[in-house]
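Subject: Handing over the structure

Hi there,

I am passing this structure on to you, and I hope you enjoy looking through it. Please open it alongside this email.

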Amino acid sequence: MSDQNIDKGRRRMLTLATSAVAAVGAGFAITPFVLSMTPSARAKAAGAPVEVDISKLDKGVLLTVEWRGKPVWIVKRTPEMMASIAKSNDFVSDPNSEVVMQPAYAQNLERAQASRPEISVMVGICTHLGCSPLEKFAVGPASDMGDDWLGGYFCPCHGSKFDMAGRVYKNVPAPTNLEIPPFKYLSESQILVGVDPEEGAA
Ligand code: FES
């Protein structure tokens with residue numbers, strides 16, 4: 001073998017060795033970042049469905065969980081809260097949730113799944129500019145919402161009001177009802193937020 005051929009061979013080996021070191025170096029640079037997130041944190045960041053146990057949730061109490069970085073409200077509505085929804089019909093702008101497409105199972109008076117109409121699951125973000133409305137469940141003056149208040153939610157940013165089904169009142173800035181996220185029941189007391197009843201993960 002000539003000296004020229006030996007030099008070419010050495011150069012090729014050096015190039016390959018340098019590439020390998022660069023690849024390993026890049027691997028070390030990336031791996032610690034990926035490993036710094038736990039598997040559950042990585043799944044959460046990707047918007048994984050969230051399982052919620054409602055077995056200990058008292059009636060009439062608001063439970064907030066996080067799904068895809070958004071607050072999701074879950075309420076086991078009392079009979080009085082359920083009755084207030086029909087009474088709100090004349091005050092809300094879209095009583096049948098027709099303006100913005102909602103899950104089919106939410107296009108009813110309660111905006112809930114038929115098997116558990118008392119369970120409300122909604123995204124707790126105002127449909128005006130994205131503030132988080134306040135729970136105003138107490139009826140009448142106890143909520144500071146006026147003597148005729150039927151119970152619901154109030155957005156302090158610009159005054160939008162929603163009933164116990166998340167239906168927006170007339171003449172407020174929020175244009176549409178609160179969003180119903182995809183969700184399904186895994187059992188009587190387990191809800192999976194992020195998955196439609198008949199489909200895969202949303
Ligand atoms: S953000 Fe809720 S009323 Fe404006």
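Two things about the ground rules come before that. Residue numbers start from 1 along each chain, following the sequence as it is written. The model is predicted, so local features need pLDDT of at least 70 and side-chain atom pairs count only at pLDDT 80 or more, while totals for chains, interfaces and linings use all residues.

**The three-stranded sheet**

Strands here are DSSP runs of E with at least two residues, and helices are runs of H or I with at least four residues, both numbered from the N terminus. Two strands pair if DSSP finds at least two bridges between them. With that in hand, look for an open sheet of three strands in the order β2-β3-β4, where the pairing is antiparallel. Its edge strands are β2 (62-67) and β4 (119-123), each of which pairs on one side only. From one strand to the next, the twist averages 25 degrees (axes are lines fitted to C-alpha atoms, for helices over the stretch in contact, and angles between N-to-C directions run from 0 to 180 degrees). Strand β3 (residues 70-76) is joined to β4 by five bridges, and Trp73 stands opposite Met122 of β4.

**Around β9**

Strand β1 (residues 50-53) pairs with β9 in the antiparallel sense over four bridges, and Asp53 has Gln190 of β9 as its bridge partner. Strand β8 (residues 183-185) also runs antiparallel to β9, with three bridges between them. Here Lys184 stands opposite Leu192. The hairpin from β8 to β9 goes through four residues. The two faces of β9 are worth a look too: Ile191 and Val193 are on the covered face, whereas Gln190 and Leu192 are on the uncovered one.

**The nonpolar core**

A residue is buried if 20 or more other C-beta atoms, placed from the backbone, lie within 10 Å of its own, exposed if 12 or fewer do, and partly exposed in between. A nonpolar core is a set of buried Ala, Val, Leu, Ile, Met, Phe, Trp, Tyr and Cys residues joined through C-beta atoms within 7 Å. The largest such core has 22 residues, and Val72, Ile74, Val121 and Val193 touch the most other members. Leaving aside neighbours within four places in sequence, the contacts of Val72 include Val65, Trp67, Val121 and Val193.

Which residues have a positive phi without being glycine? One is Ser97, at about 50 degrees, and another is Asp144, at about 60 degrees. Ser97 is in the loop between α3 (79-88) and β4, and it counts as buried because 22 C-beta neighbours lie inside 10 Å. Asp144 is in the loop between β5 (134-136) and β6 (152-154); with 9 such neighbours inside 10 Å, it counts as exposed.

Finally, Glu135 is found in strand β5 and counts as partly exposed, because it has 16 C-beta neighbours inside 10 Å. Beyond its neighbours within four places in sequence, Glu135 is in contact with Leu62 and Tyr153.

Best wishes

How values were computed: Contact = placed C-beta atoms within 7 Å.
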